[in-house]
Amino acid sequence: MSVTYSEVKKQYEALSQTYDYMLAKREAIATFFESKGITSTIFAGCGSSYCLSRSAALSMKIRGGLPSTALAGGDLMLNAARYQKLFEGAVLIAPSRSGSTSEVIHAANAVRSKQEVPVISISCVAGSALSKLSDLALELPWAFDHSVCQTRTVTNLYLANLMLAAFVGQDETLLEDLKQAIALGDAYMERVEASIREVSSYEWKSAVLLADGELQGLAGEGAIALTEIANASAHAYHLLDVRHGPMVTIGKDTLVIAVLTKDGNDYQQALMKDIKARGAKIIAYAAEEKHIPAAEVDLALASGQELDVAAQGLPFIFIPQIAALAKAELLGINPDQPDGLVSWVKL
């Protein structure tokens, strides 16, 4: 058993701890936002953390009602002067596995060299360099991935980001749905893993992930997992936007993983039909099976619960993680030792 697989299967155990930890920090977080007079948020990260930041920024706008932007850590490090206006009244929020990624550390210091900006870090290492420079350090050491490729860490940082937005916007429904999604997690993984492996264990050459809204950034992370673990070309797009160019890349050697919802479902089902006509294999995920056109997909997966769309991100991300592992095993790739990668970048 690979370390990567072990960490994938332990992610809900960690999610339960993260949920309780974030709830315990709720009052401190609320006090922090109020005392700092925060009027906007900037999320910054690299690689997986940048994908999560994209989802987090939209969640903060929708849930917290605050203007929010996601920036790649390297972009912010190199171009901090360009973004000064963005940081007026803002808090910099930095989700990170290691709390040691050079671009993020340098970016935070570059921003602070020009203006006073409070920093919230969310890392999976206690006492990291990022924690030490932060005004509020949130630490999730139980979610740290020892494998090079992030899986469990990603899901836990996604949860922490969502809970931050829920706290700011007092979105109690989302918090309850996240709790329910976590409670269902182990049973869900046990129920769907074999079918994901069966459908994705073939000679596909590229993968396309389709998701909208708060799940789009998370889908980008799913593409990174497929790229790093299975050494495959993978990309993420908004559902209907795939028609505007990327559709030409989809064919019989493409694995498509799509998140379908009840809103505008007729259009989504028509899209699945068109993609299937191009010969691709499709894994479609939805809250309820009635939202998936079973005749047009190779595997229909449903959580069975009508949870908040953002909460559906927890069961969704398991799909590309397992698909990546299945593909790696088929090709004889060791998922714990991806060629040319390190756990985190030090410049």
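**Exercise 1. How many aromatic pairs does the structure hold, and what is the geometry of Tyr21 and Trp142?**

Solution, step by step:

1. In this predicted model, the count of aromatic pairs is 3.
2. Take Tyr21 and Trp142: their ring centres are 5.4 Å apart, and the planes meet at 70°.
3. Planes over 60 degrees apart count as edge-to-face, so that is the label for Tyr21 and Trp142.
4. Now place the partners. Tyr21 belongs to helix α2 (residues 11-24), while Trp142 is in the loop between β5 (136-139) and α8 (152-169), so the pair ties together parts 121 residues apart in sequence.
5. Finally, check accessibility. Tyr21 is buried because its relative accessible area is 18%, under the 20% cut-off; Trp142, with 24%, is partly exposed.

**Exercise 2. Work out the geometry and setting of the pair Tyr188 and Phe318**.

Solution, step by step:

1. The ring centres of Tyr188 and Phe318 lie 6.2 Å apart with planes at 65°, so this pair is edge-to-face.
2. Helix α9 (residues 172-200) carries Tyr188 and helix α12 (residues 313-331) carries Phe318, so parts 130 residues apart in sequence are tied together.
3. Both partners are buried: Tyr188 has a relative accessible area of 5%, and Phe318 has 0%.

**Exercise 3. Which rings have the charged end of Lys281 or Lys327 over them?**

Solution, step by step:

1. Start with Lys281: its charged end sits over the ring of Tyr202, 4.5 Å from the ring centre.
2. Then turn to Lys327, whose charged end sits over the ring of Trp204, 4.8 Å from its centre.

Methods
Residues are numbered from 1 along each chain as its sequence is written. This is a predicted model: local features need pLDDT of at least 70, side-chain atom pairs count only at pLDDT 80 or more; totals for chains, interfaces and linings use all residues. Side-chain values use heavy atoms; hydrogens and water are left out. Rings of Phe, Tyr and Trp (its six-membered ring) pair if their centres lie within 6.5 Å; planes under 30 degrees apart count as stacked, over 60 as edge-to-face and the rest as tilted. Helices (H or I, at least four residues) and strands (E, at least two) are DSSP runs, numbered from the N terminus. Buried means under 20% relative accessible area, exposed over 50%, partly exposed in between (1.4 Å probe, protein chains only). A charge sits over a ring if NZ of Lys or CZ of Arg is within 6 Å of the ring centre and within 35 degrees of the ring normal.
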